[in-house]
Amino acid sequence: MKTERKEENAVVIDILPLGYASDQRPVYKREPVILAVGVDQFKLLELVPKAGADIQVYDRVYIGDAEREKIERVKRRMNYTDLTATAKLELPFVIEQIVRENESRFVDFFNKSISITPKFHMLHLLPGIGKKLLWEIIEQREKKPFESFADISARIKSLPHPSRMIVSRILREIEDPDEKYHIFTSR
């Protein structure tokens, strides 16, 4: 389970140079808005860029406490329902990119996940993992810890794409406000 802390970096999923179209204020009073997803806890964020900053979709931007190069401030944290249609379309691709870039972190989940209750394991939260597959994963990781997604796929034939399972779980945690367990995202 994730602990609540600030995001240091985010990946841009939409850019609104004139702000939201639904904003009733005159265009000259609106400010540009960037929608982004945090790299560490997958928080959905609304950012305000610095004037003249060159930012594109899929760019990684620093949003930590030190001097920021392209972002003026973090305006607010958003819900999935607040995202624009473009941001909702780009979100799965960006999450997949983040998972690939941080492969060791997610492979560790397969190696270190534990039981939540006597009858419910953290691995059950991944789509497609039932009791039989759960025990196969546990047996394989006890023999030797997994080293990569390719290693997981090679040793467990019924898991051809473990990274896709992780991406699906992250999307479910982001999209469903009533999700009970958050293993990759913060509430």
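The model is a predicted one, so please read each point below as a description of a prediction.

- In general, the strands of a sheet are held in pairs by backbone hydrogen bonds, and the pairing can be parallel or antiparallel.
- β1 (residues 9-16) and β2 (residues 33-38) are an antiparallel pair with 6 bridges, and here I15 sits opposite I34 of β2.
- β2 also runs antiparallel to β3, with 4 bridges joining the two, and A36 faces L45 of β3 across this pairing.
- On its other pairing, β3 is joined to β5 by 6 bridges, again in the antiparallel sense, and P49 is found opposite I71 of β5.

**A closer look at β3**

- How many of the residues of β3 are buried? The count is 6 of the 6, so the rest of the structure largely encloses this strand.
- As a general rule, side chains in a regular strand alternate between the two faces of the sheet.
- In β3, one side carries L44, E46 and V48 while the other carries L45, L47 and P49, and both faces are covered.

**The hairpin and two residues with positive phi**

- β2 and β3 form a hairpin, with 5 residues between the two strands.
- F42 belongs to the loop between β2 and β3, and its phi is near 60 degrees, a positive value in a residue that is not glycine.
- Is F42 buried or exposed? With a relative accessible area of 3%, F42 is buried, because the cut-off for that label is under 20%.
- Y58 also has a positive phi without being a glycine, at about 80 degrees, and its place is the loop between β3 and β4.
- Y58 has a relative accessible area of 35%, which makes it partly exposed.

**The helices**

- Helix α5 (residues 162-175) is made of 14 residues, and its first and last C-alpha atoms are 20 Å apart, close to the expected 20 Å.
- Among the buried residues of α5 are P162, M165, I166 and V167.
- The cover over the buried residues of α5 includes β3 (44-49), α1 (85-101), α2 (103-112) and α4 (149-155).
- N111, a residue of helix α2, is buried at 18% relative accessible area, and beyond its close sequence neighbours (those within four places) it contacts R141, P145 and F146.
- D108 is in helix α2 too, but its relative accessibility of 34% counts as partly exposed.
- D108 and E147 are 39 residues apart in sequence, and their C-alpha atoms are 8.4 Å apart in space.

**The packed interior**

- In soluble globular proteins, nonpolar side chains generally tend to be buried together.
- Leaving out residues up to four places away in sequence, L91 touches I13, V37, L44, Y80, L83, L171 and I174.

**Aromatic rings**

- The structure contains 5 aromatic pairs.
- In one of them, the ring centres of F109 and F184 are 5.0 Å apart and the planes meet at 65 degrees, so this pair is edge-to-face.
- That pair connects distant parts of the chain, since F109 is in helix α2 and F184 is in the segment after α5, 75 residues apart.
- F109 and F184 are both buried.
- Ring pairs join F42, F106, F109, F110 and F184 into a cluster.

Conventions. Residues numbered from 1 in each chain as written. Predicted model: local features only at pLDDT ≥ 70, side-chain atom pairs only at ≥ 80, totals over all residues. Heavy atoms only, no water. Expected span 1.5 Å × (residues − 1). Buried < 20%, exposed > 50% of the residue type's maximum accessible area, 1.4 Å probe, protein only. Contact = heavy atoms within 4.5 Å. Pairing = 2+ DSSP bridges. Phe/Tyr/Trp six-rings, centres within 6.5 Å; stacked < 30°, edge-to-face > 60°.
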